[in-house]
Amino acid sequence: MNQVDPEIKALQHEIFLSKVGQACRTPMSQRLADGAILFDQSMKAMRGAIRSQNPEFTPEQVEREVRRRRRIAKLLSDRDLYVDAGIIDE
């Protein structure tokens with residue numbers, strides 16, 4: 001495993017703190033709006049991936065697969081089967 005240069009690590013930490021500070025100053029209404037935008041973007045990406053993996057799917061089949069994948073994600077979340085892998089330092 002490679003060691004991260006101390007200057008780079010310090011810069012990464014500085015950027016992280018800046019982003020945390022910015023997030024803390026963001027009004028709740030903006031955070032909620034940003035959440036909705038991120039959700040829409042992730043659904044768009046999921047649909048694109050499904051179409052790429054299954055080019056023969058009709059739009060209805062794509063939507064059915066989106067619903068199926070979301071049900072699976074909810075089941076995993078509800079059963080605490082997601083595991084935080086932490087930070088992998090390469």
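Me: Why is Leu17 called partly exposed?

Reply: This is a predicted model, and in it Leu17 has a relative accessible area of 47%. Buried would mean under 20% and exposed over 50%, so 47% falls in between and Leu17 counts as partly exposed. You'll find Leu17 in helix α1, residues 6-25.

Me: How do you know that the length of α1 agrees with what a helix should span?

Reply: Count 1.5 Å a residue and the 20 residues of α1 should span 28 Å. The end C-alpha atoms are 29 Å apart, so the two values agree.

Me: And what goes on at the start of α1?

Reply: There, a side-chain oxygen of Asp5 comes to within 2.7 Å of the backbone nitrogen of Glu7.

Me: Zooming out, what are the elements of the protein, from the N terminus on?

Reply: They run α-α-α, with three helices and zero strands in total. Of the 90 residues, 8% are buried. The accessible surface is about 8,000 Å², and carbon and sulfur atoms account for 58% of that.

Me: Why is Glu65 called buried?

Reply: Buried means under 20% relative accessible area. Glu65 has 12%, so it's buried. This residue sits in helix α3.

Me: Which residues does Glu65 touch, leaving aside neighbours within four places in sequence?

Reply: Ile50 and Phe57. Phe57 belongs to the loop between α2 and α3, and on the same terms Phe57 is in contact with Ile50, Val62 and Glu65.

Me: Is Phe57 buried or exposed, or something in between?

Reply: In between: Phe57 comes out at 25%. The buried class stops under 20% and the exposed class starts over 50%, so Phe57 counts as partly exposed.

Me: What makes Glu65 and Arg69 a salt bridge?

Reply: You need a side-chain nitrogen of Lys or Arg within 4 Å of a carboxyl oxygen of Asp or Glu. For Glu65 and Arg69 the closest N and O atoms are 2.8 Å apart, so the pair qualifies. These two are four residues apart in helix α3, so about one helical turn separates them. Arg69 is partly exposed, at 26%.

Me: Why can such side chains pair at all?

Reply: Because opposite charges can pair when the charged atoms come close.

Me: How many salt bridges turn up in the whole structure?

Reply: The search finds four. One of them is Glu63 with Arg47, where the closest N and O atoms are 2.6 Å apart. That pair links distant parts of the chain: Glu63 is in helix α3 (residues 59-78) and Arg47 in helix α2 (residues 28-53), 16 residues apart.

Me: Why are Glu63 and Arg47 each called partly exposed?

Reply: Glu63 has a relative accessible area of 27%, and Arg47 has 24%.

Me: Which residues do salt bridges that share partners join into one network?

Reply: Glu65, Arg68 and Arg69. The side chains of Glu65 and Arg68 also make a polar contact, at 2.7 Å.

Me: What makes that a polar contact?

Reply: A pair of N or O atoms must lie within 3.5 Å, one able to donate a hydrogen and the other to accept it. At 2.7 Å, the Glu65 and Arg68 side chains meet the distance limit, so they're listed as a polar contact.

Note on methods: Residues numbered from 1 in each chain as written. Predicted model: local features only at pLDDT ≥ 70, side-chain atom pairs only at ≥ 80, totals over all residues. Heavy atoms only, no water. Buried < 20%, exposed > 50% of the residue type's maximum accessible area, 1.4 Å probe, protein only. Areas by Shrake-Rupley, 256 points an atom, 1.4 Å probe, with all protein chains shown as cover. Contact = heavy atoms within 4.5 Å. Expected span 1.5 Å × (residues − 1).
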